[in-house]
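The following note sets out points for a colleague who wishes to read this model alongside its sequence. The points begin with the contact between the chains and end with confidence.

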Amino acid sequence: MLHLKELISFFEDSSLAETIRENDLLFPLIESVHVLAICLVVGSIMAVDLRLLGLASVKRPVSAVTRGILPLTWGVFVVAAASGGLMFISNATKYLGNGYFIAKMFLIGAAGLNMVVFHFISAKEMPRWENETRPPLPARLAGALSILLWIAVVACGRWIGFTMQAG
Amino acid sequence: MSGTIVGDFSGWLGATSLSHSIQTAGWIIPTLQTIHILSIALLFFSAIIVDLRMWRLLQRDVPLGDVARRFLPVIWPVLLVLLITGSLLIVGEPGRSLLNTTFYLKMALLALAVVLTVGLQWSLSSAPEFWEKDRGRRMAGRFAASVSILIWCCILFAGRWIAYTQVG
């Protein structure tokens, strides 16, 4: 734990972190980029989830839907993570003391795990069912779980803003 | 700001019992904002995916008309949810937006985005090949797509900026 603390203060004391903390424009700017990127991450993932649930894009095979959307998802996820990382280092200790921040990180991890599980287990037989309007139960479950997790991620993100205001 | 029409209206709105309820229950505003952001996610993605298709960056194997038919109609019901949650947020904290130039900028940009999207949807539903007939049309389509992306990004930025430009 000592090493973790040192690592965190290394980032927090860096001149980059200090600049973000002290510049009036930089934080809102990074935050706006973060919101923009998160919106595209969540919007694009939900479009795929709705296909898995059989509620949208049902005339297209699942793999065609993901191929047309996920490259965007990954690109904007990198932007969201980078902008989020910059906000984090500007006030790392306070973020780590914020329950909603911790919850948000775990929820993103859970969403990632859900995706990995789907990809390596349920999606293996995808060629068999991907043309069906209503995919099999495991796929629908993965889609529903993903939607719920991302809603919770956004909610936690918003709640961080209300519980960190002390500055 | 009292004395001006907007100032008086803002003051009156803030004194209503609905506004009072929204203000006193601490969870209502973050909840409304969460619904608002999730709706923006759906709307913004739907608009952007069509714009990116016009640039031929995504969904190349699908005709533009099909992409537009799949994603653009999503925008309108979601916009309704945004108007409702946005209005409730204004009722809860009238001064935050009604007395804030950034808010009016956001609304003006939104009007522009709506006009552009209606135009895009109309042109693609009446003639699916409209933007792909020749080189000139393709370039014009890419220009319109770029303007659309830019305007939606500005709307999102303005939305976040309302929090930083409120008076008092």
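1. In this predicted model, the contact between the two chains draws on 22 residues of chain A and 22 residues of chain B. On the chain B side, helix 3 (28–54) and helix 8 (135–165) each contribute at least two residues. Helix 3 of chain B provides the largest share of that side, namely 12 residues.

2. The largest nonpolar core contains 79 residues. Those with the most contacts inside this core come from both chains: A:Cys39, A:Leu40, A:Val42 and A:Trp150, together with B:Ala41, B:Phe44 and B:Leu156. Helix 3 of chain B, which also gives the largest share of the chain B side of the contact, gives the most to this core, with 16 residues.

3. A:Val42 illustrates how the core is joined. Leaving aside residues up to four places away in sequence, A:Val42 touches A:Trp150 and A:Val154 in chain A, and B:Leu38 and B:Ala41 in chain B. Of these partners, A:Trp150 and B:Ala41 are themselves among the residues with the most contacts inside the core.

4. Chain A consists of eight helices and zero strands, so that its pattern along the sequence reads α-α-α-α-α-α-α-α. Its C-alpha trace spans about 55 × 35 × 25 Å along the principal axes. Of the 167 residues in chain A, 37% count as buried. Among contacts in chain A with a separation of 6 or more, 81% are between residues 24 or more positions apart.

5. How do helix 2 and helix 4 of chain A lie relative to each other? The axes of helix 2 (residues 15–22) and helix 4 (residues 62–90) of chain A come within 8 Å and cross at roughly 85°. Since angles of 65 to 115 degrees count as roughly perpendicular, helix 2 and helix 4 of chain A are therefore roughly perpendicular to each other.

6. Most residues other than glycine have a negative phi. A:Ser57, although not a glycine, has a positive phi of about 50°, and it lies in the loop between helix 3 (26–52) and helix 4 of chain A. B:Gln59, likewise not a glycine, has a positive phi of about 55° and lies in the loop between helix 3 and helix 4 (64–71) of chain B.

7. Are these two residues buried or exposed? A:Ser57 has 18 other C-beta atoms within 10 Å and is therefore partly exposed. B:Gln59 has 23 C-beta neighbours inside 10 Å and therefore counts as buried, the cut-off being 20 or more.

8. As to confidence, the model scores ipTM 0.92 and pTM 0.93. Chain B has a mean pLDDT of 92, and 98% of its residues reach 70 or more. Within chain B, confidence is lowest in helix 4, at a mean of 91, and highest in helix 5 (residues 75–92), at 97. Where pLDDT is low, the predicted coordinates should not be read in detail.

Methods. Residues are numbered from 1 along each chain as its sequence is written. Chains are lettered from A and ligands numbered from 1 in the order in which they are written. This is a predicted model: local features need pLDDT of at least 70, side-chain atom pairs count only at pLDDT 80 or more; totals for chains, interfaces and linings use all residues. Helices (H or I, at least four residues) and strands (E, at least two) are DSSP runs, numbered from the N terminus. A residue is buried if 20 or more other C-beta atoms lie within 10 Å of its own, exposed if 12 or fewer, and partly exposed in between; C-beta atoms are placed from the backbone. Two residues are in contact if their C-beta atoms, placed from the backbone, lie within 7 Å. Axes are lines fitted to C-alpha atoms, for helices over the stretch in contact, and angles run from 0 to 180 degrees between N-to-C directions. Angles under 35 degrees count as roughly parallel, over 145 as roughly antiparallel, 65 to 115 as roughly perpendicular and the rest as oblique. A nonpolar core is a set of buried Ala, Val, Leu, Ile, Met, Phe, Trp, Tyr and Cys residues joined through C-beta atoms within 7 Å. pLDDT is the predictor's confidence in each residue, from 0 to 100.
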